[in-house]
Amino acid sequence: MKQTIYILSILGSLSMYSQGCSDAGFCSVGNTFTDELNTSKNQLDFGGIIGGGEADIFYISPYVTYTRNFSESFTMSAKVTYSQASGDFGTRGQFGDAFLTGNYTFKEKKDKTWSTLLGFKFPFTSSNAKINGVSLPLDYQASLGTFDLIAGVGFKYKKWFFNTALQLPVFNNNKNSYFDEYSASNDFSSTNLFERKPDVLFRTTYTIQNNTKFTFKPNLLFIYRLGEDTYENLAGNRTSIDGSDGLTINANLITSYAIAKNKILEASLAFPFVVKEERPDGLTRSFTAGLIYKYAF
Amino acid sequence: MILNLNTTAMVKKGIYLLVALMFFSCEKEGEFTRQEAQQQNIIINSNEDLVELYAGTFVPTAGISVTGKAKIYQQGTTRFVSLENFTISNAPDLKVYLSTTAAPDTFVNLGNLTAATTYTIPTQVDLTVFTYVLIHCQQYNHLYAIANLN
């Protein structure tokens, strides 16, 4: 039984990171929503995600997460992401963001469990990485360069799990200097001194468990960008990017295998099937595939 | 107890590895970022007259070292800024601006300062109004050098 609970708790970590995600961390905010079921005090996750994006860019995005259960109700997680993009501009890899999140879970009542989440995202870069002095579009940047507040609510009922969250940029340190006008490529929008708008996320997940070793979690992730992103044009005027607001919907399937009582191997496949008209933020993955090793101690 | 010690050692190793990786980033040029391509200047057509329209000598701001001149040429319908005998202190994100004043308030961004010495001026720019060439660090919003065009 303990093992079953453990597997369920681990599977709550939806490490999906497809097209619509503002970043890897935001799309896996579900992680700490269910970690309260974990019977261990500490957990380390080592993940690697590959993906394909616009203009044939290929991504490799490893990350590491440490989660500490302070009590049955309260957990905190720290996550660090790295991202490497390869395409016609070359290859550029950097550390992306650090996420610090706290999760409080209320006591279960009649199969219903509520939880809340509060977190912050800190960028390691100002989103202005270059190659040979050439400014790169955001598709090649490891972070959007914003300090964000993340707040959310989760609700679990039997095999269903729903969560919603807001990602609010509170301080913008994006210093990107990419201009379409001066680029050899026509595939990317100008994103000079880019400013992004907040995102609202809603996810619904269903758990299928056939035996104690394998568990499947198909889920849908809806992300709505609340306004149009902007950039500073050649004349230094802030300009809205038409079509950069709106809805993205991702489909994701997570398969988890329990290697041992405290070790889980998890595979995820995700792809978007509704996308925004314009995606200047560089989150243009057409698919992602992830493999994550989780160790509790 | 042994398990706890092993776990602590593993976490410590993980932290050391993470700190080491913090300083790691990789970079490899591609088709659009080849070094040779960044050094290419505007091709001057020898069959057309090259007319010098304006010129100014660069003056540094405090703590900056700069030498050289900015000149504006026209050939046919193409106008461009040429940086001649130009050197400047290193900085991470220098841009070439055409500006209406000696400060980067109303300007046109001509792009990154690279090994190339010529920068095309958009056709709609009125050179009787934009009378300064500035070298400006956009990332840290710091002005490096000013050339007043005459």
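A salt bridge is a side-chain nitrogen of Lys or Arg within 4 Å of a carboxyl oxygen of Asp or Glu. In this predicted model, the side chains of D93(B) and K130(A) meet in one, at 2.7 Å from N to O. Between chain B and chain A the count is two salt bridges.

Polar contacts join the chains too. The rule finds 21 residue pairs across the interface, both at pLDDT 80 or more. Such a contact is a pair of N or O atoms within 3.5 Å; within protein, one must be able to donate a hydrogen and the other to accept it, and residues adjacent in sequence count only if both atoms are side-chain atoms.

The elements below each supply at least two residues of the side of chain B that touches chain A. Helices (H or I, at least four residues) and strands (E, at least two) are DSSP runs, numbered from the N terminus.

| Element of chain B | Residues |
|---|---|
| α1 | 2-22 |
| β1 | 26-29 |
| α2 | 35-38 |
| β6 | 107-112 |

Four bridges join it to strand β4 (residues 90-105) of chain A, and the two run antiparallel. Strands pair if DSSP finds at least two bridges between them. E27(B) is the bridge partner of R92(A).

Contact (heavy atoms within 4.5 Å) takes in 31 residues from chain B and 38 residues from chain A.

Residues are numbered from 1 along each chain as its sequence is written, and chains are lettered from A in the order in which they are written. Local features need pLDDT of at least 70, and side-chain values use heavy atoms, without hydrogens and water.
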